[in-house]
Amino acid sequence: MIVSLKRILGSLVLCGVLTFGQTIPPPPVIQPLVPIVTIDSGSPADRFFVGGATYTVVLPPQPLDLPPVNDDATIRHGSSFTYNIPTGNGKFKVELKFLEVFPTYVEGSRKFHVDINGTRVLENYDILKDTLIYGSAIVKSFDVESKNLEGIKIKFTGAVRSAVVSTITITEVEPTGLQKRILDELACMYITIYQTLDAQIKELQKQVDSMKFDIQVFTEYGGSYIN
Ligand SMILES: [Ca+2]
């Protein structure tokens, strides 16, 4: 997320520090936004779920010539389970991390559906089709809008065997509420600091110009001039 010029200009009204004709430098980059929710599914910190069960994978050491084994060894699984996450309204990026947990499974052994706020985002999803290897994770990302305080509802339904999920991460795409206020405050601070430095630089420039004048006079009058 980049603090846009629009946000900076909008903040000027809040800050009340803009003088007419003043040039505002390029806005600062604040990246990325901190996720508002990270759920380590299947771990003791798992939350907001209804249904399903936990499972902890014992991942074997991986040969050096293979991709590294993912360290998220805890999952939630089941024929049907749901996460009801009270995000409030807004536009969000929902990231779901998956990994296949059973070493004997092959492509087609597990398929499941994922619906977010009533929209199917994954149909007959087969993790191994993407990752090819047991214990290797993949993250799927979705843009979701929450309205009418519905929050974010993520429904997992098994199609072939059970559905699984390893981690759920939600980040606000267009910040509202607390994150928006923090960004507005940062924009105000940035503008204030810029103006302070700008004034100090101009004052220093005056002093430099004055010194140049003194040196010039000193040179022209052969050192007889004393300021
Ligand atoms: Ca987990």
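**A walk through the predicted chain**

V121 counts as partly exposed because 18 C-beta neighbours lie inside 10 Å. The scale behind that word runs as follows: a residue is buried if 20 or more other C-beta atoms lie within 10 Å of its own, exposed if 12 or fewer, and partly exposed in between, with C-beta atoms placed from the backbone. This is a predicted model, in which local features need pLDDT of at least 70, side-chain atom pairs count only at pLDDT 80 or more, and totals for chains, interfaces and linings use all residues. Residues are numbered from 1 along each chain as its sequence is written.

V121 sits in strand β8 (residues 119-125). Strands (E, at least two residues) and helices (H or I, at least four) are DSSP runs, numbered from the N terminus. Beyond its neighbours within four places in sequence, V121 is in contact with V114, D115, I116 and F142. Contact here is a matter of C-beta atoms, placed from the backbone, that lie within 7 Å. F142 is 21 residues from V121 in sequence, yet their C-alpha atoms are 7.6 Å apart in space.

Now step back to the whole chain. It has three helices and 12 strands. Of its 227 residues, 22% are buried. Among contacts with a separation of 6 or more, 77% join residues 24 or more positions apart. The mean pLDDT, the predictor's confidence in each residue from 0 to 100, is 81 for the chain, and 74% of the residues reach 70 or more. Over residues 1-14 the pLDDT is below 50, and this stretch has 27 contacts in the model beyond near neighbours in sequence.

A nonpolar core is a set of buried Ala, Val, Leu, Ile, Met, Phe, Trp, Tyr and Cys residues joined through C-beta atoms within 7 Å. In soluble globular proteins, nonpolar side chains tend to be buried together. The largest core here has 27 residues, and V114, I152, I154, F156, V165 and I168 touch the most other members. At least two residues each come from β5 (80-85), β6, β7, α2, β10 (152-160), β11 and β12 (167-172). β6 gives the largest share, five residues. Leaving out residues up to four places away in sequence, V114 touches L96, V121, L122, Y125, I154 and F156.

β11 also belongs to a sheet. Three strands form this open sheet in the order β3-β4-β11, with antiparallel pairing. β3 (53-56) and β11 (163-165) stand at the edges with a single partner strand each, so one side of each has no neighbour in the sheet. On average, neighbouring strands are turned by 30° against each other, direction ignored; such angles use axes that are lines fitted to C-alpha atoms, for helices over the stretch in contact, and run from 0 to 180 degrees between N-to-C directions. Two strands pair if DSSP finds at least two bridges between them. β4 (residues 74-78) and β11 have three bridges. H77 stands opposite V164 in β11.

One last stop is the loop between β6 (90-99) and β7 (111-116), which holds V106. V106 counts as exposed because it has 11 C-beta neighbours inside 10 Å. K129, in helix α2 (residues 127-131), is exposed too, with 12 such neighbours. V106 and K129 are 23 residues apart in sequence and 8.7 Å apart in space, C-alpha to C-alpha. For V106 and I127 the separation is 21 residues, and the C-alpha distance is 9.6 Å.

Terms used: Two residues are in contact if their C-beta atoms, placed from the backbone, lie within 7 Å.
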